[in-house]
Amino acid sequence: MKYDDNNIFAKILREEIPCKKVFENEYALAFHDINPQAKLHILVIPKGKYISFADFSKNGSKDEIEGFFKVVGKVAEDQNLVEGGYRLLANHGVNAGQEVPHFHIHIFGGQQLGPMISKN
Ligand code: AMP
C-alpha cells in the first residue's frame with residue numbers, strides 16, 4: 001500500500017486545513033480530535049509519511065521513533081494526565097477500523113475511560 005498524500009492528516013501537516021494544535025516539533029504534531037470520544041482526545045502524528053503503526057515501527061528511523069514517542073509522553077504530561085491516568089490507542093488496518101491512513105496515536109484522558117475493548 002502506497003502512502004496517500006491527500007489523506008486528511010497530510011493536509012493538516014501541509015497546513016492546507018486547520019487543526020487545534022497542542023504541540024509541534026520536528027518529529028510530530030499533536031492536535032485535538034475533531035470528534036472527541038473522551039473529555040480530552042488528542043491525536044499525535046509523526047511528520048514523516050507513514051501509513052500506520054506497522055509502517056512506522058518497521059520503516060521509521062530511530063530518531064523519528066524516539067522523537068515521536070517523546071512527544072506523546074510530553075503531551076500527556078503537559079495536559080496533566082499522568083497522575084489521573086490516560087489511554088493510548090493506535091488503530092492499524094481494517095479490523096481496528098483505521099480511518100485515516102497516516103499513523104497516529106490517540107490520547108484519551110480527563111475521565112474514567114471504561115473497558116479497553118468494546119464487547120459488541
Ligand atoms: P482512526 O480511526 O484511528 O483512523 O482515527 C481517525 C481520527 O481522526 C478520528 O478520531 C477522527 O475523529 C479524527 N479526525 C478526522 N478528521 C480530523 C480533522 N480534520 N481534525 C482532527 N481530527 C480528525
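The side chains of His106 and His41 are joined by a polar contact of 2.8 Å; such a contact is a pair of N or O atoms within 3.5 Å, where, within protein, one must be able to donate a hydrogen and the other to accept it, and residues adjacent in sequence count only if both atoms are side-chain atoms. This is a predicted model, in which local features need pLDDT of at least 70 and side-chain atom pairs count only at pLDDT 80 or more, while totals for chains, interfaces and linings use all residues. Residues are numbered from 1 along each chain as its sequence is written, and side-chain values use heavy atoms, with hydrogens and water left out.

**Around His106**
- You will find His106 in strand 5 (residues 105-109); strands (E, at least two residues) are DSSP runs, numbered from the N terminus.
- His106 is buried, at a relative accessible area of 10%, where buried means under 20% (1.4 Å probe, protein chains only).
- Beyond its neighbours within four places in sequence, His106 has contacts that include Asp33, His41, Arg87 and Asn91, contact meaning heavy atoms within 4.5 Å.

**Strand 3**
- Strand 3 (residues 40-46) is largely enclosed by the rest of the structure, because 7 of its 7 residues are buried.
- His41, Leu43 and Ile45 point one way from strand 3, and Leu40, Ile42, Val44 and Pro46 point the other way.

**Strand pairing**
- Strand 3 pairs with strand 2 (residues 28-32) in the antiparallel sense over 5 bridges; pairing takes at least two DSSP bridges between two strands.
- Ile42 in strand 3 is the bridge partner of His32.
- Strand 3 and strand 5 also run antiparallel, joined by 5 bridges, and Phe108 in strand 5 is the bridge partner of His41.

Note on methods:
Helices (H or I, at least four residues) and strands (E, at least two) are DSSP runs, numbered from the N terminus. Buried means under 20% relative accessible area, exposed over 50%, partly exposed in between (1.4 Å probe, protein chains only).
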